[in-house]
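The following questions and answers go through a model one element at a time. Please keep the sequence and the coordinates open beside them.

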Amino acid sequence: MNTSSENDSFSSLIDDLAGRGWAQQTLFAPPALTRELAAECLRRAYGGQLSPAGIGRGSSQQVQEGIRGDRIQWLEPGQHAACDQYLQLMDELRLALNCNLYLGLEDFESHFACYEPGAFYQRHLDRFRDDDRRTVSAVFYLNEDWQAAQGGALRLYLNDGGEHEVLPQAGTLVLFLSAEMPHEVLPANRERLSLTGWFRRRGDTPL
Ligand code: OGA
Ligand code: MN
């Protein structure tokens, strides 16, 4: 098996995800890359390129700010060097997840997300009822110097009845099983920036 240094650096993420359904790593990406991604997210937010996020998928998608108040833009390869570097890093993680956990992950989709102060995303699961491809959710945070008093935590509802909160601190990556881990985004008193994505496997349902 390939035991490259990239794969080794993912080993605790992979072990934690396999053991308890979620994993968290601070300093997941080089700080310079995280800063470039944050700058690109802000450039898109202030350039009016982010759109209100919907609930559900396809033609049944609806914007409901009482459920979900973030604005998003999907990443496309070839648009921006830092975004391409991030997609490359996540592809290495995808291959490492497949090698170690046999998840059969085929691709990774990701969007920038910006929550204005007061915006939130109510408790939900990331896997759609009519599309079971989303397997591992991955959120990478972009705000420098986040303080607990600013709110905005991601709250995971664990299957033992407990809860775990992750502060959206620049450089932190959180992974969790998309079909099994209910979670919510608490409101913050500061703009909250992230890259949210999903590793997807081949679906059982036709597209
Ligand atoms: C989502 C989500 C979590 C976060 O976009 O589905 O749950 O911490 N995001 O931004
Ligand atoms: Mn979610």
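Q: Which residues of helix 4 are buried?
A: This is a predicted model, in which local features need pLDDT of at least 70, side-chain atom pairs count only at pLDDT 80 or more, and totals for chains, interfaces and linings use all residues; side-chain values use heavy atoms, with hydrogens and water left out. Residues are numbered from 1 along each chain as its sequence is written, while chains are lettered from A and ligands numbered from 1 in the order in which they are written. Helices (H or I, at least four residues) and strands (E, at least two) are DSSP runs numbered from the N terminus, and buried means under 20% relative accessible area, exposed over 50% and partly exposed in between, with a 1.4 Å probe and protein chains only. On these terms the buried residues of helix 4 are A82, C83, Y86, L87, L89, M90, L93, R94, A96, L97 and N98.

Q: How far apart are the end C-alpha atoms of helix 4?
A: The expected span of a helix is 1.5 Å times one less than its number of residues. Helix 4 has 21 residues and should therefore span 30 Å. The model agrees with this, since the end C-alpha atoms of helix 4 are apart by 30 Å.

Q: Which residue follows helix 4, and is that residue buried or exposed?
A: The residue after helix 4 is Y102, with a positive phi near 55°, although Y102 is not a glycine. Y102 lies in the loop between helix 4 and strand 4. Because its relative accessible area is 68%, Y102 is exposed.

Q: Which residues does L175 contact, leaving aside its neighbours within four places in sequence?
A: Contact means heavy atoms within 4.5 Å. L175 is among the residues that touch the most other members of the largest nonpolar core. Leaving aside neighbours within four places in sequence, L175 is in contact with L13, L17, G21, W22, A23, L93, V136, S137, A138 and F199.

Q: Which residues coordinate the manganese ion (ligand 2)?
A: Donors are N, O and S atoms within 2.8 Å of the metal (3.2 Å for Na, K and Ca), and water is not among the atoms, so sites may look incomplete. Along the chain, the donors of the manganese ion follow the spacing H-x1-D-x56-H. At 2.1 Å, the coordinating residues are H124 (NE2), D126 (OD) and H183 (NE2).

Q: How far is E163 from H183 in space, C-alpha to C-alpha?
A: E163 lies in strand 8 (residues 163-166) and counts as partly exposed because its relative accessibility is 48%. Not counting residues up to four places away in sequence, E163 touches R155, L156, Y157 and L158. E163 and H183 are 20 residues apart in sequence, and their C-alpha atoms are apart in space by 9.2 Å.

Q: Which strand gives the most to the lining of the largest pocket?
A: On a 1 Å grid over the protein atoms alone, a pocket is an open set of points where a 1.4 Å probe fits, with protein on both sides within 12 Å along at least five of seven lines, and lining residues have an atom within 4 Å of a point. The largest pocket has a volume of about 810 Å³, a volume being the space filled by probe spheres set on the points, which are joined across faces, edges and corners. Of the 41 residues that line the largest pocket, the closest to its centre are G56, R68, Y121, F128 and R134. The most is given, with five residues, by strand 11.

How values were computed:
A nonpolar core is a set of buried Ala, Val, Leu, Ile, Met, Phe, Trp, Tyr and Cys residues joined through side-chain atoms within 4.5 Å.
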